[in-house]
Amino acid sequence: MAVDRRLPRHLDVPAEIAVSLMEAAVEVARRNAKILLRSRRPRRGQTLHPGIDTPLWNVLASACEAQFTRYGEKARLARVLGLPRQRVHELLRARRHLPDAERTLLLLAWLHARRNGSDLA
């Protein structure tokens with residue numbers, strides 16, 4: 001049983017027009033990708049925001065999150081960092097903010113101490 005795979009007559013587009021439309025679509029996609037890359041690239045001196053552009057922070061935040069196995073550990077880390085517990089949640093769990101350099105180094109030291117079996121708190 002043969003099935004007719006042709007488009008209806010009113011949708012039949014000449015090959016030249018179809019190729020032109022495809023080339024135009026590819027060109028528009030390329031331009032939009034360049035604009036998106038430029039708009040996502042932080043300007044000089046501008047603060048980074050957590051996301052796909054901060055892979056090292058994502059790994060550090062995930063490693064710190066994995067250390068919260070008992071009740072109250074996030075509050076203890078908040079005391080070490082000198083931050084409210086809610087801010088620690090926004091940094092590590094919600095990832096709405098990035099810490100400053102000093103607190104990032106404190107996080108690294110806290111994580112290292114936790115992995116060696118001690119605690120800074």
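Arg115 touches Ala63 and Gln67, leaving out residues up to four places away in sequence. Touching, or contact, means heavy atoms within 4.5 Å. Arg115 sits in helix 5. Arg115 has a relative accessible area of 58%, so Arg115 is exposed. The cut-offs are these: buried is under 20% relative accessible area, exposed is over 50%, and partly exposed is in between (1.4 Å probe, protein chains only). Arg115 and Gln67 are 48 residues apart in sequence, and their C-alpha atoms are 8.7 Å apart in space.

This is a predicted model, in which local features need pLDDT of at least 70, side-chain atom pairs count only at pLDDT 80 or more, and totals for chains, interfaces and linings use all residues. Residues are numbered from 1 along each chain as its sequence is written, and side-chain values use heavy atoms, with hydrogens and water left out.

**The chain as a whole**

The protein chain has five helices and zero strands. Along the sequence the pattern reads α-α-α-α-α. Helices (H or I, at least four residues) and strands (E, at least two) are DSSP runs, numbered from the N terminus. The protein chain has 121 residues, and 20% of them count as buried. Take the contacts in the protein chain with a separation of 6 or more: residues 24 or more positions apart account for 56% of them.

**How the helices pack**

Two packed helices are described by the angle between their axes and the distance between the axes. The axes are lines fitted to C-alpha atoms, for helices over the stretch in contact, and the angles run from 0 to 180 degrees between N-to-C directions.

| Helix pair | Angle between axes | Axis distance |
|---|---|---|
| Helix 2 and helix 5 | roughly 45° | within 10 Å |
| Helix 3 and helix 4 | roughly 100° | within 8 Å |
| Helix 3 and helix 5 | about 130° | 10 Å |

Angles under 35 degrees count as roughly parallel, over 145 as roughly antiparallel, 65 to 115 as roughly perpendicular and the rest as oblique.

Start with helix 2 (residues 55–66) and helix 5 (residues 101–115), whose axes cross at roughly 45°. That angle makes helix 2 oblique to helix 5. Their crossing is left-handed. A crossing is left-handed if the near helix is turned anticlockwise from the far one by less than a right angle, and right-handed if clockwise. From helix 2, Trp57, Leu60, Ala63 and Cys64 meet Thr104, Leu107, Leu108, Trp110, Leu111 and Arg115 of helix 5. The residues of this contact of helix 2 with helix 5 are eight nonpolar, one polar and one charged. Here Ala, Val, Leu, Ile, Met, Phe, Trp, Tyr, Cys and Pro count as nonpolar, Asp, Glu, Lys and Arg as charged, and the others, Gly among them, as polar.

Next come helix 3 and helix 5. These two are oblique to each other, and their crossing is right-handed. Glu73, Leu77, Val80 and Leu81 in helix 3 meet Arg103, Leu106, Leu107, Trp110 and Arg114 in helix 5. This contact of helix 3 with helix 5 has six nonpolar, no polar and three charged residues.

Helix 3 (residues 73–81) also meets helix 4 (residues 85–93), with axes crossing at roughly 100°. Helix 3 and helix 4 are therefore roughly perpendicular to each other. Helix 3 gives Lys74, Ala75, Leu77, Ala78 and Leu81 to the contact, and helix 4 gives Arg85, Val88, His89 and Leu92. The contact of helix 3 with helix 4 divides into six nonpolar, one polar and two charged residues.

**The buried face of helix 3**

Which residues of helix 3 are buried? They are Glu73, Leu77, Ala78 and Leu81. Seen down the axis of helix 3, these buried residues fall within an arc of 145°, so they line one face of the helix. The arc is that of the directions from the helix axis to the C-beta atoms. Helix 4 and helix 5 are among what covers the buried residues of helix 3. Just after helix 3, Gly82 takes a positive phi of about 75°.

Gln67 is in the loop between helix 2 and helix 3. Its relative accessibility is 17%, so Gln67 counts as buried. Gln67 touches Glu73, Trp110, Leu111, Arg114 and Arg115, not counting residues up to four places away in sequence.

Thr104 lies in helix 5. At 21% relative accessibility, Thr104 counts as partly exposed. Leaving aside neighbours within four places in sequence, Thr104 is in contact with Leu60 and Pro99.

Arg95 is in the loop between helix 4 and helix 5. Arg95 is partly exposed, at 27% relative accessible area. Its phi is near 55°, a positive value in a residue other than glycine. Most residues other than glycine have a negative phi.
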